[in-house]
Amino acid sequence: MTLKPSEFILNEDGSIYHLNLLPNQLATTVITVGDPDRVNNITKHFDTIEHIVHKREFHTQTGMYKGKRISVISTGIGTDNIDIVFNELDALVNIDFKTRKVKKNLTSLDIIRIGTSGSIQADIPIDAFLVSETAVGFDSLLHFYKSEEIQDIKFSKLLLEHLILPRENGLPYVVNADVRLLSYFEKDYFKGITVTNCGFYGPQGRVLRLPLSNPNLNDRMAHFNYKDRRITNLEMETAGIYGLSKLLGHRALSLNAIVANRATGEFSKDPTATVERLIVDALDRIASIEAV
Ligand code: R1P
Ligand code: URA
């Protein structure tokens, strides 16, 4: 099937609509970050940089780190942006830009998020690193795709019952990390179930001026147990990343620098330094990932 101009959109220079990238500018190992300024904080460690491309909040740099070609791309905040970034990353490797057809031989990307997050467990302290074994999406992104077979529906239903959420909040979707990528990050990192939500304040239980419809939500989440595993942290992209990666045939993993602890009320005194430590540690592990 030839994809129509309204569905698969290219810019005048032949690059993909939002990311502004051409297929040869993307590596098969991709690091995603929320903050566009974090891209430089990662590529400053690279040996060489071959491409720098900006459009809106999407800032990409591709280069070499210890013999591995890596692209670093900022997604901005939220799973609405993840929908754009992941569909376009996939198009860059799996759609022929000349014929506008899906390629016969598909490419799988290794995609690692390096982001910040808030812990909801008192014993997962600020400035720790956490790898998301499983993601729970309270945003609704995955429900727009045919995705039941990659979701853990039993987990979703038990969580919904435990949280006593009203129906209008919808069914959270549950997707696991790629186990092969996870194996590179099991040592020294906390592991946990990450909840992705569609906001930073009310949806993560923060009150500045507006009262919450469900003020005990974080506390109830902290006490949910599924197969001896617990919900550990809150952020805004991981579930979308895990869901779309699995549907598109890519391998994804989310790494979290814990900058807030919602149980103790603390915030990191130097979040920039904590993210920098995570970047340095993660880059060497990413460089060691063997090709499949
Ligand atoms: C909110 O402050 C942002 O920080 C976290 C959340 O997921 C959200 O994007 O990730 P990043 O630090 O990668 O942006
Ligand atoms: N990012 C989030 O989304 N939540 C936090 O508490 C900290 C960082």
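Student: In this predicted model, how many Å separate an oxygen atom of ligand 2 from an N or O atom in the side chain of Arg-206?

Tutor: A polar contact is a pair of N or O atoms within 3.5 Å. Arg-206 is one of the residues around ligand 2. Between an oxygen atom of ligand 2 and an N or O atom in the side chain of Arg-206, the distance is 2.6 Å.

Student: Which element gives the largest share of the shell around ligand 2?

Tutor: Elements that give two or more residues to this shell are β12 (229–235), β13 (251–261) and β7 (110–119). The largest share is 3 residues, and they come from β7.

Student: How many charged residues does the shell around ligand 2 have?

Tutor: Sorted by class, the shell around ligand 2 has 5 nonpolar and 4 polar residues. Glu-235 and Arg-206 are among the residues around this ligand. The number of charged residues in the shell is 2.

Student: Turning to ligand 1, which side chain has an N or O atom 2.5 Å from an oxygen atom of the ligand?

Tutor: For the side chain of Arg-38, the distance to an oxygen atom of ligand 1 is 2.7 Å. For the side chain of Arg-113, the corresponding distance is 3.1 Å. The 2.5 Å distance belongs to the side chain of Glu-237.

Student: How much of the accessible area that ligand 1 has on its own does the protein cover?

Tutor: Ligand 1 is surrounded by residues including Gly-34, Ile-77 and Met-236. On its own, ligand 1 has 340 Å² of accessible area.

Student: Which element gives the most to the shell around ligand 1?

Tutor: By class, this shell has 3 nonpolar, 3 polar and 4 charged residues. The top contribution is 3 residues, from β7.

Student: Stepping back, why is the chain said to be as compact as a globular protein of its length?

Tutor: The chain has 7 helices and 14 strands. For 292 residues the globule rule gives 19 Å, and the chain is as compact as a globular protein of that length because its radius of gyration is close to that value, at 19 Å.

Definitions and conventions. Residues are numbered from 1 along each chain as its sequence is written. Chains are lettered from A and ligands numbered from 1 in the order in which they are written. This is a predicted model: local features need pLDDT of at least 70, side-chain atom pairs count only at pLDDT 80 or more; totals for chains, interfaces and linings use all residues. Side-chain values use heavy atoms; hydrogens and water are left out. A residue is near a molecule or strand if one of its heavy atoms lies within 4 Å of it. A polar contact is a pair of N or O atoms within 3.5 Å; within protein, one must be able to donate a hydrogen and the other to accept it, and residues adjacent in sequence count only if both atoms are side-chain atoms. Helices (H or I, at least four residues) and strands (E, at least two) are DSSP runs, numbered from the N terminus. Ala, Val, Leu, Ile, Met, Phe, Trp, Tyr, Cys and Pro count as nonpolar, Asp, Glu, Lys and Arg as charged, and the others, Gly among them, as polar. Accessible areas come from the Shrake-Rupley method with a 1.4 Å probe; for residues, only the protein chains shown count as cover. The radius of gyration is taken over C-alpha atoms; the globule rule is 2.2 Å times the number of residues to the power 0.38.
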